[in-house]
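Me: Can you walk me through this model? I'll ask as I go.

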Amino acid sequence: MDTEAMPQATGPHSVDWAQDTAGYLDSLRSGLTTARDTDYLLLEQDLPEDARRARASVRAFVDRDVLPVINGYWERAEFPYELLEPLAATGVVGGAITGHGAPGLSRLAAGLATVELSRGDGSMNTFLGVQANLSMGTINMLGSEEQKRRWLPDMAALRRIGAFALTEPRHGSDSVNLDTTARREGDTWVINGAKRWIGNGSMAHLVIIFARDEADGQVKAFVMEREDPRDPEDRPEGFDYQVIEGKVGKRAILQANLSFRDLRIPEQNRLPGAQGFRDVSRVLATTRGGASWEALGHALACFEAAVTYAEVREQFGRPVGSNQLVQNTLAQMLTELTAIQLLCFRMAHLQETGQWTGSMASIAKMHTANKARWIAQQARDLLAGNGLLLDFHVARHLTDMEVVHTYEGTEFIQSLLIGRKITGQNAL
């Protein structure tokens, strides 16, 4: 169609039409990110004070700092450095870690902080998960006291960013089979290999690298330091990275491919508590469940947006929320959301009492990721065409849930783990 030949709207009525349309769209967007009461089974009536504080602090940060800017960063695939200082001020960086500047939150408080951050944006939640749970968690569990004092306080204050370099191009779910190698030469370790999908990998001051010792075949951990990772020229000799582009989800966190060619790391930067892959597994075990809390945050955001939209969007002379099909969809979304809440709250209790197991984590991850993705899909459908737009927020949560559905073990991997627990047999 020749658009130049089409008549152009002119005169005062065209201005009125534009203003009316803008005002109408503003009314549809208004309140989509406002928190609603979704505690239908009264799980929060006895919520401890530390959990209430953590939730309130992160919710205020999300509403005040994250939501006004995150869509732009997501669309540009840029990391929002401006959010680091206010995120540090929430007092939740470090989660359940105690000492060295970390807050020592309960599992429930840390979980609710994750919910609120994910309810705002999944990229920021992944950044914090890599920083606090994986990077700080590894140093806290496997580092010496001197290393903890050297690194953890600055990491808790977000003055230094960490990355957890475990996953490799050839090894994702079978991460035990690492190809990256380490060879000791005097007081130096020489690292060779590659890592993939490393959150914060291009922007970290501290990159924790897991590599197999050529001498004994055991997996060990080494910390590579950088002074100014925002300077592209600040790369230790033998280290290179490439930011992964073209992602359809979690676009505001930088994930990178890393390569090491005779990278030299001093012995003082080897974490002494890492003597084999079993120690890596101990770190990973402390993070199991984080994806479920995040799934709850995304599901909450999508449900809240869907309910608000159904109240204000009118078709055929009435709010769409007055239709039976819409109410049925919202009821099913709330039911699944409540089931996710129940799993997460029970998980926190079992973790605090030391009863949490790998099989439990697999059940929680498989169910919460599946149902949260479904909730996001229903919200997208309910918002129709507007559900495709970033400024209506649901599309961002939907694509971020595609990522959550994958990491910490895909549905297929979780089903194998659960199936082995049920039958006692390894599947072929």
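Reply: First a term: a contact means heavy atoms within 4.5 Å. Among contacts in the protein chain between residues at least 6 apart in sequence, 75% join residues at least 24 apart.

Me: What should I know about the source?
Reply: This is a predicted model, where local features need pLDDT of at least 70 and side-chain atom pairs count only at pLDDT 80 or more, while totals for chains, interfaces and linings use all residues. Residues are numbered from 1 along each chain as its sequence is written, and side-chain values use heavy atoms, with hydrogens and water left out.

Me: How many residues of the protein chain count as buried, in percent?
Reply: Of its 428 residues, 50% count as buried, meaning under 20% relative accessible area, with exposed over 50% and partly exposed in between (1.4 Å probe, protein chains only).

Me: New topic. Where is histidine 205 found?
Reply: Histidine 205 lies in the loop between strand E5 (188–199) and strand E6 (206–213). Strands (E, at least two residues) and helices (H or I, at least four) are DSSP runs, numbered from the N terminus.

Me: Does histidine 205 count as buried or exposed?
Reply: Histidine 205 counts as buried, because its relative accessibility is 13%.

Me: Which residues does histidine 205 touch?
Reply: Leaving out residues up to four places away in sequence, histidine 205 touches Arg159, Arg160, Ile161, Met224, Glu225, Arg226, Glu227 and Pro229.

Me: Back to the whole chain. How many helices and strands?
Reply: The protein chain has 13 helices and 12 strands.

Me: And what box do the C-alpha atoms fill?
Reply: Roughly 80 × 55 × 45 Å, taken along the principal axes.
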